[in-house]
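Subject: Structure handover

Hello,

Here is the structure I promised to pass on to you. Please open it beside this message, and I will walk you through what turned up.

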Amino acid sequence: MKIITIIVQIGILYLFYLAGDGIQELLNLSLPGSILGLLLLWAALLCKLLPAKWIDSGANFIQNYLPLIFIPATIGIMNYFNIFAGKGMLLILVVIASTLITMIAAGYTSQFITRRSGKGQERNVNDATYSNYHHRSDNRAVSSDEPYL
């Protein structure tokens with residue numbers, strides 16, 4: 001029964017791909033149909049038109065075998081080895097630079113989202129509860145007028 005559930009859920013995901021591809025063909029957009037399908041899926045999940053449990057097992061199944069999808073691309077690169085020959089140091093620099101850019105962009109994006117949602121707000125230091133008192137190692141609240149030992 002589990003395999004049937006997975007097949008049906010992968011079918012649902014494939015329908016979103018087909019819908020995106022159809023929209024791309026119909027409207028003659030430059031955006032790939034697979035991306036449009038992904039955006040449709042995201043919108044359906046966000047608006048709760050499609051419960052996540054309807055695609056959970058199928059998506060996990062696909063994600064488990066995702067590395068196998070990259071094998072043909074890696075082998076395809078080997079067909080063009082002469083393009084990459086002698087440029088090893090340049091490739092290393094490009095990989096390092098793109099990794100750093102990605103990490104920085106992800107960090108700034110997560111900070112922006114956290115600040116915007118209000119979860120990252122720090123306590124107001126002017127608040128008497130936090131500015132006038134600190135705790136000693138014995139957990140006894142001490143006024144800021146007393147020395148901290």
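A residue counts as exposed when its relative accessible area is over 50%, as buried when that area is under 20%, and as partly exposed in between. Lys48 has a relative accessible area of 71%, so it is exposed. Please keep in mind that this is a predicted model.

The overall layout

The chain holds seven helices and two strands. The chain has 149 residues, and buried ones make up 11% of them.

Two loop residues to look at

Lys48 sits in the loop that links helix 2 and helix 3. Its phi angle is near 60°, which is a positive value in a residue other than glycine.

Asn28 is another case of this kind: its phi is near 55°, again positive in a residue that is not glycine. You will find Asn28 in the loop between helix 1 and helix 2. Is Asn28 buried or exposed? With a relative accessible area of 67%, Asn28 is over the 50% cut-off and is therefore exposed.

Leu31 also belongs to the loop between helix 1 and helix 2. Its relative accessibility is 35%, so Leu31 counts as partly exposed. Leu31 and Asp21 are ten residues apart along the chain, and their C-alpha atoms are separated by 9.6 Å.

The nonpolar patch

Leu31 takes part in a nonpolar patch on the surface, together with Ile23, Leu26, Leu27, Leu29, Ile35, Leu39, Leu40, Trp42 and Leu46. Together these residues have about 930 Å² of accessible area. Helix 1 and helix 2 are the elements that give two or more residues to the patch. Which element gives the most to it? That is helix 2, with five residues.

Leu39 is one of the patch residues, and its place is in helix 2.

The largest pocket

Now for the largest pocket, which holds about 290 Å³ of space. Its lining is made up of Ile10, Leu13, Tyr14, Phe16, Tyr17, Ser34, Gly37, Leu38, Leu41, Ile55, Ala59 and Ile62. Three helices each supply at least two residues of this lining: helix 1 (2-27), helix 2 (33-46) and helix 3 (56-64). Helix 1 gives the most, with five residues.

How many of the lining residues are nonpolar, polar and charged? Ten are nonpolar, two are polar and none is charged.

One more pair

Finally, have a look at Ile4, which is placed in helix 1. Its relative accessibility is 47%, so Ile4 counts as partly exposed. Ile4 and Gly58 are 54 residues apart in sequence, yet from C-alpha to C-alpha they are 9.9 Å apart in space.

To find your way around on screen, you could begin with helix 1, helix 2 and helix 3, which each supply at least two residues to the pocket lining. From there, you could turn to the patch, to which helix 2 gives the most residues.

Happy viewing, and do write back with any questions.

Best wishes

Key
Residues numbered from 1 in each chain as written. Predicted model: local features only at pLDDT ≥ 70, side-chain atom pairs only at ≥ 80, totals over all residues. Heavy atoms only, no water. 1 Å grid on protein atoms, 1.4 Å probe; cavity = no way out; pocket = protein on both sides within 12 Å on 5 of 7 lines; lining within 4 Å. Points joined across faces, edges and corners; volume = space filled by probe spheres on them. Helix = DSSP H or I, 4+ residues; strand = E, 2+ residues; numbered from the N terminus. Nonpolar A, V, L, I, M, F, W, Y, C, P; charged D, E, K, R; others polar. Patch = residues over 30% accessible without salt bridge, like charges linked within 9 Å, V, L, I, M, F, W, Y side chains within 5 Å. Areas by Shrake-Rupley, 256 points an atom, 1.4 Å probe, with all protein chains shown as cover. Salt bridge = Lys/Arg side-chain N within 4 Å of Asp/Glu carboxyl O. Buried < 20%, exposed > 50% of the residue type's maximum accessible area, 1.4 Å probe, protein only.
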